[in-house]
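Dear colleague,

Please find the structure below, handed over for your review. My notes on its pockets follow.

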Amino acid sequence: MCRVLFGFLLAFFVTGMSPAAARDCTRTYIVKPGESLSMIAQAQYDNAALWEKIHADNLNVIGEKPDAVRAGMTLRLDCAGDTPSTPAPMPRDAIKVLTASGFAPFSDRDLPNGGLMTELMDAVMTRAAPAGGHTIHWIEDRAAHLDPLLSNALMDMGFPWPRPGCETAPQAPLCRTVLFSDPVFETLVVLFTDASRPLPYSDDSDIAGRTLCRPKGFPTDDLDRPDRRWISDGIIILIQPDSIDDCLALVLDGQADALVMDEFSGQSAVRRLNLTGRIMALREHPLSIETLHVVVPRAHPQAQQLVDMVNTALHDMRETGAFHDILEAHLTRFWGEG
């Protein structure tokens with residue numbers, strides 16, 4: 001017994017840990033619903049990049065694919081002190097940039113150069129010149145972008161993503177999962193309704209009991225923030241089909257009162273579907289102003305370095321006028337088509 005106590009006290013003085021910390025150094029953790037490995041690493045170690053260590057230590061439970069983690073799994077978590085002391089080197093492979101179609105005029109394969117933000121991102125990455133270059137990946141299942149592709153750092157960065165109010169809602173899924181670049185674009189979020197039965201909307205009290213539509217894979221933080229708990233308090237019914245086009249069809253069919261979307265993407269779909277005059281945008285009373293960003297997974301070992309690289313290239317492009325030239329070309333085309 002004395003030998004055991006001596007060994008324990010020796011470990012305490014050598015490591016500098018309290019007795020409680022020494023006992024709890026290696027522990028088990030039961031995965032909660034909706035958690036990813038990066039979320040667990042951030043919550044338990046204050047370092048989302050340690051998701052890879054958790055995965056490696058629990059291969060027998062999770063399996064080879066990190067996104068296979070499920071609620072109820074019991075994981076082994078080692079000492080929190082095993083965190084990298086210096087930033088990991090930038091990747092030498094091509095940086096994988098994630099986007100999808102259906103978000104005109106910002107990103108769509110059918111648009112010139114893939115859309116406004118696709119051309120900007122291509123120029124940003126070309127200017128940044130990472131050692132391995134970059135590739136833009138079009139993965140059309142937008143619902144898979146946040147989880148698992150970004151949450152588990154299977155992609156290096158993605159665009160375009162709106163930034164929720166992370167200062168007032170730090171637990172919002174996007175705030176927990178990604179780091180945001182500087183703002184790239186600003187737009188209004190508005191209601192698109194059937195012109196033959198326009199939705200009377202002047203303030204949030206008018207929205208109670210309404211059915212709103214937003215496509216699957218698009219964030220809903222603006223509909224459920226601390227001062228507007230439309231979803232969690234059951235104030236609205238939210239339906240989420242696959243695309244903006246599906247939402248507009250539901251509005252015209254009377255199954256939804258309005259599409260909720262940024263004015264550019266909504267208006268692009270209205271024009272493409274020849275619905276001008278049948279669908280109206282309530283621009284006089286926007287729901288919010290949102291900024292669009294490039295995002296990098298917090299789980300990425302070089303997350304902050306990648307964000308800094310994007311921000312530096314964006315700043316340089318603004319200084320030289322290259323940013324304005326790309327913006328002007330796409331917006332002139334957008335308004336010209338109207």
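The second largest pocket holds about 520 Å³ of space. A pocket here is an open set of points on a 1 Å grid over the protein atoms alone, where a 1.4 Å probe fits, with protein on both sides within 12 Å along at least five of seven lines; lining residues have an atom within 4 Å of a point. Points are joined across faces, edges and corners, and a volume is the space filled by probe spheres set on them.

This is a predicted model, in which local features need pLDDT of at least 70 and side-chain atom pairs count only at pLDDT 80 or more, while totals for chains, interfaces and linings use all residues. Residues are numbered from 1 along each chain as its sequence is written, and side-chain values use heavy atoms, without hydrogens and water.

The second largest pocket is lined by 29 residues, and Pro 164, Gly 165, Thr 220, Asp 221 and Asp 222 are the closest to its centre. Two or more lining residues come from each of α8 (173-177), β9 (224-225), β12 (258-262) and β14 (288-297); β14 gives the most, with four. Helices (H or I, at least four residues) and strands (E, at least two) are DSSP runs, numbered from the N terminus.

The largest pocket has a volume of about 630 Å³. Of its 31 lining residues, Gly 102, Phe 103, Ala 104, Asp 108 and Arg 272 lie nearest the centre. The largest share of this lining, five residues, is supplied by α10.

Yours sincerely
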